[in-house]
Amino acid sequence: MNTIIIAKNLTKRFGKLIAVDGISFEIQKGECFGFLGPNGAGKTSTVRMIHCVSPVTAGTLTVNGLPCSIDNRTIKQTTGVIPQEITLDIDLTVRENLMVFSRFFDIPRREAKKRIEELLKFVELEAKRDSKIDQLSTGMKRRLLIARSLINQPKLIIADEPTTGLDPQARHLIWQRLRQLKAHGVTIILTTQYMEEAQQLCDRIVVMYQGKILKEGTPRTLIEEEIGKDVVEIRIAQDQDEKLIGSLSEFSCGHERVGDTLFFYCRDGHDIRKKLVELDLPNTVHRPATLEDVFLKLTGRSLIE
Amino acid sequence: MNLSYRIYHVFVRNLVSYKRFVVPTFIASLVQPLFYLITFGIGMGAYVGLFGGKPYLYFLVPGVLMSAVGLTASYECLFGTFVKMIHEKLYDSLIATPVSAEDAVAGDIAWGVFRGLISGTLMMVVAMAMGVFPVSLPAVLLLFVCMIFVGVLFGSLAMIVTSLAPNFDFFNYYTELVLTPMLFFSGVFFPLDNFPAWMKTFSKFLPLTPAVSISRAVFSGVYSTSLITDFLFIVVLEVIAFTIGVKLMKRRLIK
């Protein structure tokens, strides 16, 4: 595999605010690369620099060897963007939205018509082709944004929180489509706050927090390295902590107290499960470790505003 | 400045969306000049008597025509652009394509010019129905060229305001304190001859004044060399306003 995107000490500042703080990463052709992080972590600022709508403050950033800059039309010509906000043209119909967009990429009319039919089918909006945008549900609008991002047959797709605010059906349809695109060799960059989404789609992820990359890896290795295999959640009063931690110490699990819950992170949860049955505690949850545990461990469980 | 032929794509986008607004805007573009010409031209004209040997309507038409072009282009680049930028987030999706921020803004100015030309043309039709004609066909062509330049000038000036506007209300300062008073200081409704000297000098530097002079010459057939200076003044002002307008808009669009 060869590299499509290289970032070295990439920095973005808005006045005094440092949105992206000297991060470095490489993205390979054909992979799905995820930026995870809470609100304000710098995910969107990073991808906006990649698709050349936001200038790089410092450091270097290249796509296919071309330096990213506001005026780099070549990168924009071959990149598809699924924006976080719904930026459809509300004065136009579904079809007109795609038609007008195809012009911006200099796609010949006849070719554009053909592609639009295919794309409407791809996102299951054929029946809505002449509808106005305000007659669409949020899920349909998001699907139309996907169709729009594909009009120029991009080799690189940037999906900035593509399923925010969607119901499970719509979300799964979008995941399906993104996986289909990946199967066709398209490189996908995803930003998300949904750990399930990252686990479903991404080959590799980075966890961002306060403009920095905290960890990088595949979802599986990150979970195993940071958390282990199993998580035990015990809702129990805090004064019981010491006793409980003592009686579970033989299993060498990491533990953490958050609010009303004591968490144990374990390499192998088999034995601890037996012990828990022995102790016969109420309100105990034993489950496999997820990316969400990694995320919360790295970025903290307290609210981030 | 990163301008390209893609200005045209942005213009076409506006044209496609315009289909839905054609009827109301045509009615507005017709009724407004009619209102001016009937109230001022016929109503007030009866008291004013002859102006340079011709009815007041002949004095009024060229000025109102140019202000219609300027105002229409202004409103399009104020309210129209602001809605597209803030409410519809249209610019955000535009600049993610090979269309540059400069293309997008210039495309919207071009659109404002087109809307201005529609207003000006409708106005001319109304004027001709009332018996006021430009002197010759070349004169009409000259008028159209001038209308295009005035459209770009006012569209660009409006872009400067839009690039700084935090909200809709901000536009009131510009429309009420700049555009509307400008009509009275640019010789649209009455000649500037009786103004004190300083006011005459002030008027000379307003962007509408030279346009009104050229328009009036086209309708009266009385040309003078000062029209060349008038035209050059418009062009210079326009280049400056366009450059500043596009740069400021780019600064607002790209963060």
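In this predicted model, chain A holds an open sheet of six strands, and their order across the sheet is 6-7-8-3-9-10, with mixed pairing. Two strands sit at the edges: strand 6 (79-82) and strand 10 (212-217) of chain A each have a single partner strand, so one side of each is left without a neighbour in the sheet. On average, and with direction ignored, neighbouring strands here are turned by 15° against each other. As a bit of background, the strands of a sheet pair through backbone hydrogen bonds, and the pairing can be parallel or antiparallel.

Helix 5 (residues 138-149) of chain A lies across strand 6 and strand 7 (156-160) of chain A. Helix 5 runs at about 170° to strand 6 of chain A.

Strand 1 (residues 3-14) and strand 4 (residues 58-63) of chain A are antiparallel partners, held over five bridges. One point to look for is Lys8(A), whose bridge partner in strand 4 of chain A is Thr60(A). Strand 4 of chain A is also joined to strand 5 (residues 66-67) of chain A by two bridges, again in the antiparallel sense. Here Thr62(A) stands opposite Pro67(A), which belongs to strand 5 of chain A. Strands 4 and 5 of chain A form a hairpin, with two residues between them. Asn64(A), in the turn of that hairpin, has a positive phi of about 55°.

That phi value is worth a second look, because most residues other than glycine have a negative phi. Asp106(A) is another case, with a positive phi of about 60° although it is not a glycine. Where does Asp106(A) sit? Asp106(A) is in the loop between helix 3 and helix 4 (109-122) of chain A. Asp106(A) has 14 C-beta neighbours inside 10 Å, so it counts as partly exposed. Lys89(B) is found in the loop between helix 3 and helix 4 (90-94) of chain B. With 17 other C-beta atoms within 10 Å, Lys89(B) is partly exposed.

Stepping back, chain A is divided into domain 1 (3-218) and domain 2 (228-288). The C-alpha centres of these two domains of chain A lie 40 Å apart.

How many residues bring the two chains into contact? On the chain A side there are 23, and they are in contact with 22 residues of chain B. Helix 2 (73-77) and helix 3 (94-104) of chain A each supply at least two residues of the side that touches chain B. Helix 3 of chain A gives the most to this side, with four residues. Sorted by class, the side of chain A that touches chain B has 11 nonpolar, four polar and eight charged residues.

Chain B contains 10 helices and two strands. Along the sequence, the pattern in chain B reads α-α-β-β-α-α-α-α-α-α-α-α. For 255 residues, a compact globule would have a radius of gyration near 18 Å, and chain B agrees with this, at 18 Å. Taken along the principal axes, the C-alpha atoms of chain B fill a box of roughly 60 × 40 × 35 Å. Buried residues account for 46% of the 255 residues in chain B. Among contacts in chain B with a separation of 6 or more, 81% are between residues 24 or more positions apart.

Is Tyr75(B) buried or exposed? Tyr75(B) has 22 other C-beta atoms within 10 Å, so it is buried, the cut-off being 20 or more. Tyr75(B) and Thr175(B) are 100 residues apart in sequence, yet their C-alpha atoms are 8.7 Å apart in space.

Key:
Residues are numbered from 1 along each chain as its sequence is written. Chains are lettered from A and ligands numbered from 1 in the order in which they are written. This is a predicted model: local features need pLDDT of at least 70, side-chain atom pairs count only at pLDDT 80 or more; totals for chains, interfaces and linings use all residues. Two strands pair if DSSP finds at least two bridges between them. Axes are lines fitted to C-alpha atoms, for helices over the stretch in contact, and angles run from 0 to 180 degrees between N-to-C directions. Two residues are in contact if their C-beta atoms, placed from the backbone, lie within 7 Å. Ala, Val, Leu, Ile, Met, Phe, Trp, Tyr, Cys and Pro count as nonpolar, Asp, Glu, Lys and Arg as charged, and the others, Gly among them, as polar. The radius of gyration is taken over C-alpha atoms; the globule rule is 2.2 Å times the number of residues to the power 0.38. A residue is buried if 20 or more other C-beta atoms lie within 10 Å of its own, exposed if 12 or fewer, and partly exposed in between; C-beta atoms are placed from the backbone. Domain bounds come from an automatic or database domain assignment.
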